[in-house]
Structure formats: structure tokens, C-alpha cells
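Let's take a friendly walk through a protein model, going from a whole chain down to a single residue. Keep the structure open beside you as you read.

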Amino acid sequence: MTYVTIPHWKVETRTKASATFAIVAALLILLAFAAPLFASRSVLQDLFFILTMLVLAQNWNLLAGYAGLVSVGQQAFIGFGAYAMFALVILAGLDPLIAILLAGIASALLAIPTAFFLFRLQGAYFAIGSWVIAEVVRLALAQWKALGGGTGTSLPREATRDMPALKLVGGLFGVKSSEAGDILTYWLALLLAIATIGLVYRLLRSKQGLGLAAVRDNQEAARSVGVDARRMKTLVYLAAAFGTGLAGALIYVQKARISPDAAFSVVDWTAYVIFIVVIGGIGTIEGPIVGVIVFYILQTLLADYGSWYLLILGLIGIVIMLFAPRGLWGLFAERTGIQLFPVRRRLTGGPVPLAKKGGPHG
Amino acid sequence: MAWLDTIIQGILLGGLYALFAAGLSLVFGIMRLVNLAHGDLIVLAAFLILVLASVLGLNPFIAALVAMPLMFAIGWALQFFLLNRTLGTDILPPLLVTFGLSIVIQNGLLEGFTADSRRISVGGLESASLAIGPINVGVMPLLTLASAIAVIVGLNQLFYRTSLGRAFRATSDDPVTAGLMGIRPKRIFATATGIAMVVVTIAALYLGTRANFDPTIGPARLIYAFEAVIIGGLGSLWGTLAGGIVIGIAQTFGAAINPEWQILAGHLAFLLVLLVRPRGLFPRAVD
């Protein structure tokens with residue numbers, strides 16, 4: 001009797017580390033959802049800040065790290081999402097939760113005409129062009145007198161206090177509406193962060209993600225094998241606008257006060273986000289997670305030093321970009337080979353002996 | 001007559017924007033590097049002139065002359081030690097390093113000079129004006145436009161009449177082959193950025209004398225400069241002047257309708273040009 005072997009290869013992205021991490025991550029998520037049970041209000045507010053910055057960083061990383069679209073104008077979608085939410089709540093009287101979702105859609109819609117202009121510019125010019133677009137949106141919205149014009153406006157107290165979801169949370173924990181508001185926005189930020197990371201990971205593991213990586217590494221070669229580079233980039237740009245707009249609306253539900261200068265701030269919504277991604281490691285999902293933690297620690301340590309803080313952050317960003325362009329996570333992954341969100345396809349399995357009915361004619 | 005006045009004021013304002021843009025255009029033309037800190041470097045030069053003028057008691061024009069070699073040295077060192085390391089096929093390092101530099105310069109200036117608005121005084125020249133026919137033209141705006149034209153003529157002469165200019169063009173076309181001919185691309189790039197910083201100093205002189213400035217206004221200057229370069233078409237310095245003038249005229253017309261629309265009108269003119277002539281009004285380079 002002969003043993004005939006046929007190749008039994010399998011394409012896999014999963015690694016041992018990532019399988020272990022998946023279990024840890026699931027536990028962490030459960031713990032995070034339960035946080036309002038044991039964490040204080042200020043801790044929840046800090047976590048809200050970390051989670052929303054993480055969402056922004058993941059979106060920017062998707063644009064710059066994977067689609068090669070280096071935007072310094074994502075504040076356009078933060079501000080537009082926030083303003084859309086304010087308009088829907090104040091002028092249309094909608095529930096803020098519904099307004100957040102619609103604001104995300106509004107941001108994605110705004111991205112259609114801006115993509116039309118921006119995709120005429122290449123590389124570095126795309127970057128400054130995106131900044132021009134953000135300025136145009138800021139200046140245009142500063143003309144909207146119903147929402148306070150250049151000085152801005154506040155969300156009416158009753159609009160947030162009377163949210164049905166808030167009463168539910170308030171009743172559940174037996175707390176006042178302001179505290180229930182913190183719990184609700186924290187949960188939403190957590191959901192948004194998980195959904196963003198999940199969707200980005202899913203995209204990168206899909207056929208489209210492979211196309212995206214191919215476009216980033218060599219646009220001409222990718223196009224020659226049939227990847228529609230422009231279409232992929234446009235889709236990523238629209239998706240990032242949606243995610244950024246959602247995050248912007250959520251941040252401003254919590255802030256409850258808006259002005260054009262704050263909502264379209266380059267420092268708050270673009271410089272911080274870029275430094276988070278660069279320090280953590282651009283082009284990886286783990287990078288922004290590491291980056292946002294480092295960023296939070298730096299901010300806690302250096303918050304009292306005013307402009308020194310940004311100066312130091314800028315210097316760290318420059319040093320990392322020059323000497324460790326894959327960021328802190330890149331350094332770690334290089335040494336250990338550990339990937340928590342592996343996207344690289346590997347061949348596993350191999351020849352498997354077939355014992356019984358072997359043979360090509362068997 | 002009001003509209004004629006608006007157009008002339010717009011053309012003169014365009015001279016300032018062309019000065020902002022000339023340095024950006026020069027650096028991009030030679031090494032395909034877009035410096036996101038360009039606007040902040042203009043503001044840095046304005047503070048340097050301010051300090052020289054007030055500490056040494058110099059006339060601002062003399063202070064600018066003293067600042068030029070200093071800014072040349074800063075530009076040379078910046079390119080040689082920092083920016084040269086970022087050049088390559090990947091667009092991320094130069095963009096992110098110069099973005100970081102922009103934040104560092106802004107906050108360094110904030111720390112050193114606070115957020116107060118400053119102005120460089122030129123002793124009454126700010127308010128002097130000439131009557132040309134029925135229209136009054138400010139002396140400083142006129143000097144700005146004249147300087148912009150002089151800078152562009154000078155840069156074109158440098159590019160096409162000198163051996164340094166030949167080295168610039170050769171390195172821009174093919175740094176490796178230029179290297180074989182005895183040119184050291186890294187030094188050529190450093191010299192180019194140094195010259196761009198001299199132009200930046202001239203721009204800073206007019207920025208600081210014509211209006212108030214503070215450490216945070218750099219990015220807006222970068223945006224105007226960028227718009228002028230794109231409107232004019234990449235690689236053409238005269239096109240950049242035309243681009244600056246388009247922005248200037250759009251801004252003065254916007255301001256004439258409603259003062260709040262000044263900046264917005266300039267941006268919209270840029271988007272309009274991008275829509276109908278994506279490669280600019282006078283395209284030359286194929287990029």
C-alpha cells in the first residue's frame with residue numbers, strides 16, 4: 001500500500017500571539033463596558049478622551065498609513081460632524097444620539113465634493129489641499145448665524161437632559177443626568193472605538209485590503225494587476241470621513257459647546273492625532289493604540305508646561321520619524337515578531353499524508 | 001473707480017503672497033520637498049528682524065539685511081542635517097517631519113515671545129502713499145510688489161545664468177548623474193534651502209511691517225503660498241506671481257463685499273482654478 005501525499009496548504013493570517021490576544025481583548029472589552037460600575041467620573045472622562053482620540057488616530061492611520069493619503073485637514077470632518085449634530089439638535093430638535101449618526105453620514109457626504117477637488121492633487125499637495133478644504137469649511141460655517149457664527153453656541157440643556165437613553169442609564173445606575181451623560185458618552189466612545197478597529201482590521205484582511213496595501217507599496221504595479229487605485233483611495237477617504245465625523249459629533253455631544261476655532265483646530269484634531277500615530281507606529285493597527293497611551297501619559301506629565309508640551313511632542317515626532325519610522329510598536333514587533341492584529345498572509349499546513357483511499361485513481 | 005482701486009490693491013497684495021510662495025516653489029522645484037513649516041519659518045524670520053531692529057536699534061530694512069545670512073545659515077543647516085534625511089520615494093517622512101517642525105517653531109516662538117501681536121515699525125513709511133492718477137497707492141505695498149518681481153527676476157537669473165543654477169537644475173533632473181559630474185546633491189539641496197530662507201526673510205520684512213503678526217499665523221501663510229504655487233502651475237516662478245495676484249485680487253474683492261469673506265474668497269478662487277485648470281494657469285513641470 002502506498003501513501004500518496006497531496007499538498008494541503010492553507011492561507012492564514014492568524015498567529016499564536018493574535019489568538020491569545022483575542023481572548024485578552026475580549027476580557028478587556030468586557031471590563032471596559034463594566035467600567036462605569038467601579039470607575040469614577042473623572043476616570044470615565046479621561047477614558048472618553050483616550051477612546052475618541054484612538055478613533056481619530058485609527059481613521060487617520062487608515063488614510064495615511066494604508067491608503068497613502070496624508071491629510072492634515074481631517075479637522076474638516078470633526079468640525080462638520082460636530083456642527084451637523086448641533087444643527088440637527090438645535091434647529092431640527094432631534095435626539096442627540098440620532099443626530100450623531102446623521103452627522104457621520106453628513107460628513108461622508110461632505111467628503112464626496114472634497115474628494116473631487118483633492119484627488120486632483122498628488123502627495124504633499126494633497127496634504128496642504130486638505131488643509132485648505134478644512135479652512136473653507138471652517139470659514140463657511142463661521143458665517144452660519146443660527147449656530148452662533150464666529151463665536152459659536154451651546155447645546156440647550158434640555159436637549160441633552162431629556163434624552164430617553166440618558167434617563168435609562170440614569171435609572172440603571174441611580175445617578176443624576178450629568179453623570180449619566182458621562183457614562184453614556186463613554187459607552188458610545190467605547191463602541192465606536194471597537195467598531196472602528198474591527199472594521200479597519202476586517203478591511204485590511206479582505207481582498208480590498210490587499211489591494212490597498214498593493215497600491216500603497218507600488219501604485220503602477222497594483223494597477224497593472226487590476227487594482228482600481230483611485231476607487232480604493234476614494235472609498236477609504238469616504239470611510240475615514242464618516243468615522244471622523246461620527247467621532248467629532250460624539251466629542252461635541254460631551255463638550256456641549258462649539259465654536260469654529262475649537263471645532264476646526266489643527267492642533268487638537270490633526271497635530272495630536274498625527275503624533276499619536278507616528279509615535280505609536282504608522283501603518284499598523286497596534287500603533288495608534290500604543291500611541292494614544294503614550295500620548296495620554298505625556299499629556300498628564302507635561303500638561304502644566306503649556307507650549308513646551310507641544311514643542312516636546314513635536315520633537316519626539318520628528319525623532320521617531322527619522323530614526324524609527326515604524327514607531328514604538330514597529331520597534332517592538334521587529335524584536336519580538338509579535339503581531340496582535342496580523343494582516344500578513346502566511347502559508348500554513350503543508351503536505352498531509354492520505355492513508356486510505358489514496359492515489360489519483362483511488 | 002472703486003473696483004479699479006480694489007483690483008490694484010489686490011495686485012499689490014498678490015506681491016506679498018508671491019514672496020511667501022517663491023521660497024516654497026524654489027525648494028519644491030529642486031528637491032520635490034514640500035515644507036509644511038514654510039509659513040512658520042516666515043514668522044520666525046519676522047521675529048528675527050523684530051529682535052534685530054529693536055535690540056540693535058537698526059532700521060528694519062537694515063535688520064532684514066543682517067537677518068538674511070542668519071536665515072541662510074538656518075536654512076542650510078536645517079536641510080543638511082534634518083531634511084536631507086527625509087528625502088526619498090516615500091512622501092511620509094518629509095511631510096511628517098516638516099509638520100512636526102511647524103509645531104516646534106510655533107510653540108518655541110510662543111514660549112519666547114508670548115502670543116501678543118507684534119509689528120515692525122518702519123517710521124511712518126507704513127502710512128505713506130503715492131497718488132497715481134485718481135488712485136492712492138501705499139508705498140509699502142508698492143515696495144512689496146517691486147521686491148517680489150525683483151526676487152523672481154533674481155531667481156530666474158540665478159537658475160539660468162550661473163553655474164550654481166546649472167547645478168540646481170542638474171540635481172533636480174537627476175541627482176545620481178549630477179553626483180557623477182562632481183556635484184554633491186546634499187550640499188546643493190542645503191544651498192537651495194538657504195537661498196529659499198533669504199527669500200523668506202524678504203517676505204518676513206513685508207509681513208511684519210504691513211500688518212500685525214503673532215507666532216500662530218504661520219500655517220495661514222503656508223496655505224496662501226501653496227495656493228499661489230498651484231494656481232500659477234508647478235515650476236514656473238512667474239506663474240507663482242500670477243497665482244499670488246489671483247489670490248490677492250480675490251481677497252480684496254471678497255473683503256469689498258463683506259470683510260468676513262476676504263480669506264474665504266481667496267480659497268474659493270483657488271478651488272475654482274483647481275476645478276477648471278487642475279495643472280494651474282501656466283504649467284511647466286510634469287509632476
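Among contacts in chain B between residues at least 6 apart in sequence, what percentage join residues at least 24 apart? The figure is 74%. Keep in mind that this is a predicted model.

**Chain B as a whole**

Chain B is built from 11 helices and two strands. Reading from the N terminus, the order of its elements is α-α-α-α-β-β-α-α-α-α-α-α-α. The radius of gyration of chain B is 19 Å, close to the 19 Å from the globule rule for 287 residues, so chain B is as compact as a globular protein of that length. Along its principal axes, the C-alpha trace of chain B spans about 60 × 50 × 35 Å. Of the 287 residues in chain B, 55% count as buried.

**Two helices that meet**

Now find helix H2 (residues 38-55) and helix H3 (residues 60-82) of chain B. Their axes come within 9 Å and cross at roughly 125°, which means that H2(B) is oblique to H3(B). The crossing of these two helices, H2(B) and H3(B), is right-handed. Which residues make the contact between them? On the H2(B) side they are Ala45(B), Leu48(B), Ile49(B), Leu52(B) and Ala53(B). H3(B) brings several residues, including Pro60(B), Ala63(B), Val66(B) and Leu70(B).

**Where the chains touch**

The contact between the chains takes 30 residues from chain B and 33 residues from chain A. On the chain B side, helix H4 (92-113), helix H9 (218-232) and helix H11 (262-276) each supply at least two residues. H4(B) gives the largest share of that side, with 14 residues.

**One residue close up**

Finally, look across to chain A, where Ala124(A) lies in helix H5 (residues 123-141). Is Ala124(A) buried or exposed? Ala124(A) has 20 other C-beta atoms within 10 Å, and a residue counts as buried if that number is 20 or more, so Ala124(A) is buried. Leaving aside residues up to four places away in sequence, Ala124(A) touches Val34(B), Ile91(B) and Leu95(B). Ala124(A) and Leu44(A) are 80 residues apart in sequence, and their C-alpha atoms are 38 Å apart in space.

Definitions and conventions. Residues numbered from 1 in each chain as written. Chains lettered and ligands numbered in written order. Predicted model: local features only at pLDDT ≥ 70, side-chain atom pairs only at ≥ 80, totals over all residues. Contact = placed C-beta atoms within 7 Å. Helix = DSSP H or I, 4+ residues; strand = E, 2+ residues; numbered from the N terminus. Rg over C-alpha atoms; globule rule 2.2 N^0.38 Å. Buried ≥ 20, exposed ≤ 12 C-beta atoms within 10 Å, placed from the backbone. Axes fitted to C-alpha atoms, helices over the stretch in contact; angles between N-to-C directions. Parallel < 35°, antiparallel > 145°, perpendicular 65-115°, else oblique. Left-handed = near helix turned anticlockwise from the far one by under 90°.
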